[in-house]
Amino acid sequence: MKFAGILLVLALSVCPGGASAAGTVVQGMRLWAAPDNTRVVFDSSAPVHYSLSTLSAPSRVVIDISDAQLQVALPILKQQGLVKSVRSAIIRGNDLRVVLETTGAVRPKSFTLKPNAPYGDRLVIDLYPRDAANAVDADATPARAASSASHESNVARKSLPKTVHDLVIAIDAGHGGEDPGAHGSRGSKEKDVVLAIARRLDTLVAKQRGMRPVMIRNGDYYIGLRQRIQKARQAKADLFVSIHADAFKDRNASGSSVFTLSQRGATSEAARWLADSENAADLVGGVSLDDKDNLLASVLLDLSQTATNEASMEVGEKVLSKLTRVGNVHKARVQQAGFVVLKSPDIPSILVETAFISNPNEERKLRDPHHQEVLAEAIMAGIRNYFVHRAPPGTVLAQQVHHRSRHVISPGETLSGIARQYRVSTQRLRQVNGLQSNDNIKIGSVLQIPVGSDS
């Protein structure tokens, strides 16, 4: 089932008497419903001092904000996510109390955010179902995030069937919900255009034989960076692809980029894992670290990260090569950086900056459904090209590759002629070899021929 985030802007009539008597003005409330949590955001005129508690019968969350008043009245809500209704009152003369009635017992997490255009100060409250076994703290430290997911991940990976399985491609649309990402001059938001591209990639992956997509975010809601990694690991992903749209103060900056994890980022992540005993219960590269001494665990983690980084670089190069056929590339080589979403120690991971949303011409293209499809096709072609030659053992694609024959292209041959010779469709021949419609075949190149015929 696919879920959609819901934005609710609560802004009705101004409260009688205004809010000038209070030190802080709460200017409004926004609510976002994600599949496994609900985020409530209070916009304020200044940093807030608050306390939070939960009550039962009925289930509710009580937020007391010191020396504050509402600028706008809060209406009666229809249920949105885990929140059934909201009400407010002034208590102790000058403090604001907001009560969120919830659908059941919840586990709240709260924090404040400093101003960051276009937003001012904010109080953020994330609500998770208390009885959800897989609820993961969106911004937890590795120790806390791993402790909630390690047992399930360990059991799931150990219970993998012995039969062949599909490759799992985790597709991560960047930003979302309260975090819009970069903005274009025409009002485009990064979170929206990258979700559109991610959904198109999801459709393309689903059409591939031996591949299965997993959308990390499939609606307008926020997911913490490390939680994105955890979702990919819980899905036992073979590849993690994070999709973004770049921005720069120079509006002429243009082109696509592909990033993998830097060595510094890999080193810092290894230190976090080794320093955190909770992670030892998890698997890295299919091997549990819980029964290994520190030196052996360090060696195993280093081997896993080295193999992962090499695979990430190779798939990144394949994707970048296909993006050059779509338009300009900002950098001719795969770049490396310490992005958190690239730090899984055992899942090859790439981050694709599809274009510069700050460039008016590229913003226009990013809004165009046809161009979104072309970008998704290029990313898909790069992924397919990589796995045709690097399909992991035990996968459907690896089995298919094992049974393929090879054809060396001779002078005068065409792709359609070769397809007729082996009784396969030209489209299938292109898919197997990671070729796009505008790719030319070269004399001496080797084509993988799929087993069987299409007739």
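## Backbone and surface features of a predicted model

Arg92 is exposed, with a relative accessible area of 61%; exposed means over 50%, buried under 20% and partly exposed in between (1.4 Å probe, protein chains only). This is a predicted model in which local features need pLDDT of at least 70 and side-chain atom pairs count only at pLDDT 80 or more, while totals for chains, interfaces and linings use all residues. Residues are numbered from 1 along each chain as its sequence is written, and side-chain values use heavy atoms, with hydrogens and water left out.

The protein has 10 helices and 20 strands, taken as DSSP runs numbered from the N terminus (helices H or I, at least four residues; strands E, at least two). Of its 455 residues, 51% are buried. Among contacts (heavy atoms within 4.5 Å) between residues at least 6 apart in sequence, 70% join residues at least 24 apart.

Most residues other than glycine have a negative phi, and most peptide bonds are trans.

| Residue | Phi | Loop between |
|---|---|---|
| Lys236 | about 55° | helix H3 (225-234) and strand E13 (239-246) |

Lys236 counts as partly exposed, at 29% relative accessibility.

A cis peptide bond, with omega about 0°, joins Ala57 and Pro58. Pro58 sits in the loop between strand E4 (50-55) and strand E5 (60-65).
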